[in-house]
Amino acid sequence: MISAPMNPAPASNTPRASVARPPATAVLAIHGGAGTLLRSSMSAAMQAEYVNALQAVLLAGQARLAAGAAALDVVVEAVRQLEECPLFNAGKGAVYTAAATHEMDACVMEGSSLRAGAVAGLAATRNPVLAAQAMLRHSEHVMLIGAAADAFAAEHGLEQMPPHWFGTPQRLAQLEAAQAAQSGALLDHDGQSALATQGPIDEQTKFGTVGAVALDAAGHLAAATSTGGMTNKQPGRVGDSPLIGAGCYANDATVAISCTGTGEAFMRSCAAFDVSALMAYQGLPVQAAAERVVMQTLPSLGGSGGLIAVAANGDVSMPFNTEGMYRGYARVGELPVVAIYADEDGTAA
């Protein structure tokens, strides 16, 4: 075991926030994936289940920020809670690969130092985000993959689970439906899979990633992203979620970002870093920078999805180019806000 944090600090010429900048009000933002909405088939009880899950994570994170917790610890815990909720595609409830296995990815990044940790292709670690955090704290490297990543997590005391623990009957049914459709079979659900009625967003079109970004009372930013990948994906495929600058990024000088969507497009555009670069080099506010990436850059590459962003001044942006995105934010001292649809501002807790 490496006892000291080995992830190097950035070079002195790396753009970073001034330590003299007065901190804004601490805030946490989270997401649980984006995709096609199913208002017609969604019950009020179903929507409430998702809203309540998001609000619970926000309230817990808000309390930690109010108590002075560091942004990195807050986003890691928020994502860990989302991993534990089978409503979302990360950790428990992760989707299946084409080989009916689970391969999970995660990334964390600390804005004050630009240190980061990432893992890909995990099959046994209960909470991939904790493995990514362990990489940041205890490894000289940024990313490990596959069995080596699981072994590293186990060496650092992280709980390991058997394969069946991550799966749910709904996720297995999604795999079977996807594979049946590829063989030419049609689903006998009047043109819409019964699986889609699990939630407000169609599980067959949803990009199932979870993430959190935060600004703490000391003015520091952090981001965390975790995913189970894509249903029926080719084993070994890695998307944007564990990649620094693609699906996750944090820099105290600009912004903290967590993305969800068509991974390949987010990778090709370096979507998360692009938001930061637009802010740093063109002076754009976070809303304008985030919307340019999500509404212009990603669609030009065939990319769908969205992102959540918290800027160094505390501004929050959560744009998406799909019909909906599970999302919410909570400022210290204010009621948390949760939203799903594109045409709503959110629901206060």
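Strand β1 and strand β11 (residues 324-331) run antiparallel, joined by seven bridges. This is a predicted model, in which local features need pLDDT of at least 70, side-chain atom pairs count only at pLDDT 80 or more, and totals for chains, interfaces and linings use all residues. Residues are numbered from 1 along each chain as its sequence is written, and side-chain values use heavy atoms, without hydrogens and water.

Strands here are DSSP E runs of at least two residues, and helices are H or I runs of at least four, numbered from the N terminus. Two strands pair if DSSP finds at least two bridges between them. Strand β5 (residues 209-215) also pairs with β1, antiparallel over five bridges.

| Strand | Residue opposite Val-27 |
|---|---|
| β5 | Leu-215 |

Nine of the nine residues of β1 (residues 27-35) are buried, so the strand is largely enclosed by the rest of the structure. Buried means under 20% relative accessible area, exposed over 50%, partly exposed in between (1.4 Å probe, protein chains only).

The largest nonpolar core has 51 residues. Such a core is a set of buried Ala, Val, Leu, Ile, Met, Phe, Trp, Tyr and Cys residues joined through side-chain atoms within 4.5 Å. Leu-28, Ile-30, Val-75, Phe-88, Val-108 and Val-119 have the most contacts inside the largest core. Helix α2 (residues 71-84) gives the most to this core, eight residues. A second, separate core has 43 residues, including Cys-107 and Met-279.

Ile-145 lies in strand β4 (residues 143-145). Ile-145 is exposed, at 55% relative accessible area.
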